[in-house]
Each structure stands twice: as structure tokens, then as C-alpha cells.
Amino acid sequence: MSVRSVWWATTIPGADKPFDTAHLRVFYPSKPTGSDAERLSGVFPADPAHAPYPVVLIVSGVNVGQEAYRWLAVELASRGYVAVTYDWVGELFGGLKGITPGVELAAAKPDTYGTRATTPSVPAVIDALRTITGPVEGLLDLDNVALIGHSAGGTVILQSARFFPEVRAVAAYGTHTMVATMLGWPAGTVLPAQVDCPVLLMNGENDGVINGSADRYGEDAATRRDPISRTFDEALPSADGANVQVTFAGANHFAIVHPVDDTAARAFLDSEATTDPAATRAALVDVTAAFLDVHLRGASGDALDKALQNPDIAGIRRR
């Protein structure tokens with residue numbers, strides 16, 4: 001299947017200019033015709049054969065540009081989804097600016113958590129897709145959306161997904177819902193995920209970034225447990241096996257990213273991958289696409305079961 005992309009933009013409500021604009025890239029299955037319009041514009045029509053297309057929104061980690069997830073967006077589009085990445089340069093912590101999924105700290109405090117989403121960017125991007133023109137106009141199933149988040153992007157979607165009624169499935173890599181004591185929570189607090197749809201929670205065995213950030217949560221280093229496993233156990237409800245945790249053998253925090261940009265973000269904290277990153281990415285996209293097929297397209301679980309048999313997967317849990 002031929003994959004092409006187009007760009008769009010949206011304003012983030014409440015953000016101050018000039019840091020109030022997110023730039024989207026929309027990847028879609030295309031059907032080239034060989035027309036002069038294609039030759040002159042570089043824009044190919046979308047393939048209408050399987051429309052309307054479920055939409056997958058990829059939510060980045062802090063200071064990880066959307067190009068880092070292009071490989072994943074292309075893979076998903078080649079499997080019949082419209083995949084969307086975006087960059088929003090906005091407010092980070094301590095007055096810094098950078099690429100952000102949008103982290104509203106005020107919504108993650110003890111007196112407000114669970115009353116609203118902790119990210120303003122996700123609903124703004126979904127709303128922007130309702131107004132998009134060009135080759136995908138009228139071909140998006142925006143009542144059938146999945147969110148994929150990495151690192152902080154995974155945290156905010158786990159904290160927010162139930163506030164977006166379009167969302168039917170959530171997948172997150174290298175993330176958890178433990179919360180910093182600086183926000184007023186007791187040490188070791190795992191926040192309940194605000195998700196009422198199935199969750200695929202993914203992680204690597206060699207995640208140096210999660211380990212390097214663990215002191216935020218106020219626990220004793222000698223006794224603390226893995227935050228991602230705690231999130232699966234404590235933050236997610238039992239869902240008759242629909243919630244799945246997958247651990248990739250030898251993978252690190254940036255296994256979902258390609259290429260890794262060593263000039264930004266916190267790759268310097270990461271551990272070395274001991275499995276070929278390309279093999280991890282292949283396993284990751286197979287599992288993710290099969291999970292989405294089940295929950296966005298109503299496919300049987302056989303393909304997911306098959307994808308989970310990959311030898312580069314070190315552990316699987318369901319609940």
C-alpha cells in the first residue's frame with residue numbers, strides 16, 4: 001500500500017502566542033493516479049477503498065520531534081490506518097519551552113486529578129482533524145480513534161483518555177502513572193488511569209530513563225518497584241484480558257523512536273539496547289497494529305496472539 005502525508009495545523013486553547021500552534025502531519029493510504037495534478041503538487045489522493053479510516057494519534061515524549069515517530073506512522077498507514085503525528089513547542093517545566101504533549105500540572109494535583117484531562121493538545125488535534133481539507137477530507141472515522149503515547153505522551157493519555165469519547169484504544173510505551181511528590185502526592189503514589197477503553201502498556205527491559213527519573217516519586221531506592229509494572233497492576237482495572245502489558249527483550253526507553261536525536265530530550269540517561277532496535281520496532285508495530293485491529297476494527301484476537309509470540313518479547317501479562 002502506498003503511503004503519503006500532508007500537513008495541517010491547529011491552535012492550542014489557552015496557550016500564549018507564539019507558543020500556541022501545533023503542526024500536524026497526517027499519513028494516509030494513497031492511490032496514485034499518475035495525473036498532472038500529482039506531478040505538479042506532490043499530493044496523491046487517498047485510497048477510498050477502505051474508508052472511513054480509523055485514526056491513530058501519536059503523542060510524543062518531551063522534546064522528541066514528530067519525525068522520530070514517522071516510521072511508526074508510515075507502518076500503521078500501510079496497514080490501513082490514518083496516523084497523525086504533531087509538534088507543539090510550548091511550556092515545559094521551570095519556564096522552559098520545548099516540544100511537549102502538553103502537561104497541565106494543575107490538573108494532576110490531589111484536588112483536581114480525575115476531573116479533567118491533563119493535556120490540552122490531544123483534543124485540539126482531534127478537533128483539527130474534523131476541519132482538515134485535502135486528500136483525507138471526508139475519509140476519517142473520527143468516532144474511532146486510538147492514542148499512542150511515548151514517555152510523557154503516554155502518561156498524559158493514560159491520565160486523560162476517558163475525557164475523549166472518540167478514543168477506543170490506548171497504547172503507551174515507556175510510561176507510567178506514578179506522580180511526583182512535588183505535586184502534593186504521598187511518596188510512591190500510582191494514580192488511577194483515566195481510561196475506559198483497552199490499554200496496551202509496553203516497555204523495554206533496559207529502560208534507563210524511567211530508572212533515572214525514579215527519585216521524583218519519593219520512594220526508597222532499595223525497595224521501589226518498576227513504575228510501569230505498578231501502573232499495570234494498580235492503575236488499570238481488570239478488563240477480562242483486554243488490557244495487556246508487553247515487555248520487549250533488551251529494549252530501552254527510546255526503542256519506539258527512530259532515529260534517536262542525541263541533541264535533545266534525555267537519551268543520555270538511557271541504557272544500551274541489547275536487542276537490535278530494528279527487531280524491537282518490528283515486534284512493537286506488529287503487536288500495536290494487531291491490538292488496534294481488535295479494538296478499532298473488531299478483528300478476532302488471533303492476530304494479536306500471533307504477534308505476541310515474537311521471540312523479541314520477554315514478557316506478557318493480561319488483565
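User: Which residues does Ala 242 touch, not counting residues up to four places away in sequence?

Analyst: In this predicted model, Ala 242 is placed in the loop between α6 (227-235) and β9 (244-248). Contact here means heavy atoms within 4.5 Å, and residues up to four places away in sequence are not counted. On that basis the residues that Ala 242 touches are Pro 198, Val 199, Phe 291, His 295 and Arg 319.

User: How many Å apart in space are Ala 242 and Ile 256, C-alpha to C-alpha?

Analyst: Along the sequence, Ala 242 and Ile 256 are separated by 14 residues. In space, taken from C-alpha to C-alpha, the distance between Ala 242 and Ile 256 is 22 Å.

User: What is the handedness of the crossing of α2 and α7, and how do the residues of the contact divide by class?

Analyst: The crossing of α2 and α7 is right-handed. On the α2 side the contact is made by Trp 71, Leu 72, Glu 75 and Leu 76, while α7 contributes Arg 281, Leu 284, Val 285, Ala 289 and Leu 292. By class, the residues of this contact of α2 with α7 are seven nonpolar, no polar and two charged.

User: Which element gives the largest share of the lining of the largest pocket?

Analyst: The largest pocket, with a volume of about 850 Å³, is lined by 36 residues, and those nearest its centre are Phe 93, Ala 152, Arg 216, Tyr 217 and Arg 266. The elements that give two or more residues to this lining are α4 (152-158) and α5 (208-212). By class, the lining of the largest pocket holds 20 nonpolar, 13 polar and three charged residues. The largest share, three residues, comes from α4.

User: Which strand gives the largest share of the lining of the second largest pocket?

Analyst: The second largest pocket has a volume of about 350 Å³, and among its 19 lining residues Gly 14, Ala 15, Trp 88, Gly 90 and Glu 91 lie nearest the centre. Its lining is made up of 11 nonpolar, four polar and four charged residues. The largest share of that lining, three residues, comes from strand β4 (residues 82-91).

User: What is the value of phi of Ser 151?

Analyst: Most residues other than glycine have a negative phi. Ser 151, in the loop between β6 (140-150) and α4, is a residue other than glycine with a positive value, and its phi is near 55 degrees.

Note on methods. Residues are numbered from 1 along each chain as its sequence is written. This is a predicted model: local features need pLDDT of at least 70, side-chain atom pairs count only at pLDDT 80 or more; totals for chains, interfaces and linings use all residues. Side-chain values use heavy atoms; hydrogens and water are left out. On a 1 Å grid over the protein atoms alone, a cavity is a set of points where a 1.4 Å probe fits but cannot get out, and a pocket is an open set with protein on both sides within 12 Å along at least five of seven lines; lining residues have an atom within 4 Å of a point. Grid points are joined across faces, edges and corners, and a volume is the space filled by probe spheres set on the points. Helices (H or I, at least four residues) and strands (E, at least two) are DSSP runs, numbered from the N terminus. Ala, Val, Leu, Ile, Met, Phe, Trp, Tyr, Cys and Pro count as nonpolar, Asp, Glu, Lys and Arg as charged, and the others, Gly among them, as polar. A crossing is left-handed if the near helix is turned anticlockwise from the far one by less than a right angle, and right-handed if clockwise.
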